[in-house]
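Please look through the structure shown below, and then follow the questions and answers, which take up one part at a time.

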Amino acid sequence: MQEKILKIKEEFESLINTVENSEALEQIRINFLGKKGQVTDLLKNLKNASNDEKKVLGKEINLLKRHVEEQIASTVEKIKKAEEEKLVNSATKYDVSLPVDFSQGSFHPITLVQREVEEIFYTMGFTIEDFPEVVDDYNCFEALNIPKHHPARDMQDTYYLENGQLLKTHTSAAQNSIMRKYGAPLRAIFPSRCFRNESTDACHENTFFQMEGIMIDENISISNLIYFMKTMLSEVFHKDINVRLRPGFFPFVEPGFELDISCLICGGEGCPSCKNSGWLELCPCGMIHPNVLKYGGIDTDKYTGFAFGLGLTRLAMMKYGIKDIRDLNSGNLKSLSQFKNK
Ligand code: FA5
């Protein structure tokens, strides 16, 4: 039996030292520690040994079992880390000087990042809603506690149609309709294209994507908001990201916050992508103002909620290391064809 123990140990060592992914590691675990695993069998067969043998062999088998368990546990961590690193590295190999590959179509990086964030919120019980890009003044401003002539409108000049409708400046424009459609409790995200009349630079476009999220229920607090924001960012980047939360003013939330992430293009040193500040405004958020809940037909004695407006285009820039936001709307295949297999 001692020979058998040694053989099993050798076999385990050679397998564990060369294992490359989680699936193969799970097979090794089953093979050695599963119900019919080799180490489990050794323990079962011990009952046939004499009392003296049991003392010696039992100790050896238990040592082997512990060794196998410890090795598997530390390898799980190693593999997880390696798999995450692989994901992160593959996500940041963006190089405009690479030749164009016309052999296969590809998804736009914003589509990729949008789908990824949708998946994250979907698994946390959020529905994914759609809303038109052309809206009226009520939805875009008034229902959000921004009456006519309110100075907050200055930050969001946009393109108006002759019939008085406008191209929506932010995804918050869908909040009122979605509250009215579903009532409370409610968990929804609604990604969309937004438009603003503004000069473009490395981090501003006149056409960009946001993803709004709202959660309304009894006893919702800022802790819930912070939890969901942290979960989303760590899932998207597959690593811990430096974030800062600072007070921010938006008439439709109280209190309101700006959530910034440390710029991943320059590592926080300062560059044109982050207006040389080292930080990038990514996801303003806050507790939904009671007026906005009332306009949405929600009982404010019973319910509270949070809302956030994630800058999806900026998220794609940070995730894929795209230095200039204008590359994303350029239609330039040299840039866009690089995202095939991501
Ligand atoms: C808003 O649009 C608010 N509706 C967000 C919000 C929702 C606040 C819910 C509170 C509660 P802001 O104007 O800061 O806020 O834009 C939100 C995000 O969209 C910014 O952080 C940024 O990531 C992105 N963004 C805004 N303007 C542009 C632009 N011109 N180009 C690219 N991204 C932009």
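Q: Is F121 buried or exposed?
A: In this predicted model, local features need pLDDT of at least 70 and side-chain atom pairs count only at pLDDT 80 or more, while totals for chains, interfaces and linings use all residues. Residues are numbered from 1 along each chain as its sequence is written, and side-chain values use heavy atoms, with hydrogens and water left out. Buried means under 20% relative accessible area and exposed over 50%, with partly exposed in between, for a 1.4 Å probe and protein chains only. Because the relative accessibility of F121 is 0%, F121 counts as buried.

Q: What kind of aromatic pair do F121 and F126 form?
A: Rings of Phe, Tyr and Trp (its six-membered ring) pair if their centres lie within 6.5 Å, and planes under 30 degrees apart count as stacked, over 60 as edge-to-face and the rest as tilted. The centres of the F121 and F126 rings are 5.1 Å apart and their planes stand at 75°, so the pair is edge-to-face.

Q: What kind of aromatic pair do F121 and F308 form?
A: F121 belongs to helix α5 (residues 109-123) and F308 to strand β10, so that the pair links distant parts of the chain, 187 residues apart; helices (H or I, at least four residues) and strands (E, at least two) are DSSP runs, numbered from the N terminus. Both F121 and F308 are buried. With ring centres 5.3 Å apart and planes at 25°, the pair of F121 and F308 is stacked.

Q: Which residues form one aromatic cluster?
A: The count of aromatic pairs comes to 7. One aromatic cluster is formed by F121, F126, Y227, F228, F306 and F308.

Q: Over the ring of which residue does the charged end of R115 sit?
A: A charge sits over a ring if NZ of Lys or CZ of Arg is within 6 Å of the ring centre and within 35 degrees of the ring normal. The charged end of R115 is 4.4 Å from the centre of the ring it sits over, and that ring belongs to F107.

Q: In β10, which residue is the bridge partner of C285?
A: Two strands pair if DSSP finds at least two bridges between them. β9 and β10 pair in the antiparallel sense over 3 bridges. The partner of C285 in β10 is F308.

Q: In β9, which residue is the bridge partner of G256?
A: Strand β9 (residues 285-288) is joined to β7 by 3 bridges, and the two run antiparallel. The partner of G256 in β9 is G286.

Q: Which element gives the most to the lining of the largest pocket?
A: A pocket is found on a 1 Å grid over the protein atoms alone, as an open set of points where a 1.4 Å probe fits, with protein on both sides within 12 Å along at least five of seven lines, and lining residues have an atom within 4 Å of a point. The largest pocket holds about 1000 Å³ of space, a volume being the space filled by probe spheres set on the points, which are joined across faces, edges and corners. Of the 44 residues that line the largest pocket, R196, F250, E258, E281 and P284 are the closest to its centre. With 5 residues, the element that gives the most to this lining is β10.

Q: Which element supplies the largest share of the lining of the second largest pocket?
A: About 240 Å³ of space lies in the second largest pocket, and V19, E20, T75, K78 and I79 lie nearest its centre among the 14 residues of its lining. Both α1 (2-18) and α4 (51-91) supply at least two residues of this lining. The largest share, 8 residues, comes from α4.

Q: What is the omega of the cis peptide bond that joins A184 and P185?
A: P185 lies in the loop between α7 (175-182) and β4 (186-195). The peptide bond that joins A184 and P185 is cis, with an omega of about -5°.

Q: Is N219 buried or exposed?
A: N219 is found in the loop between β5 and α8 (222-237), and its phi is near 60°, a positive value in a residue other than glycine. Because its relative accessibility is 71%, N219 counts as exposed.
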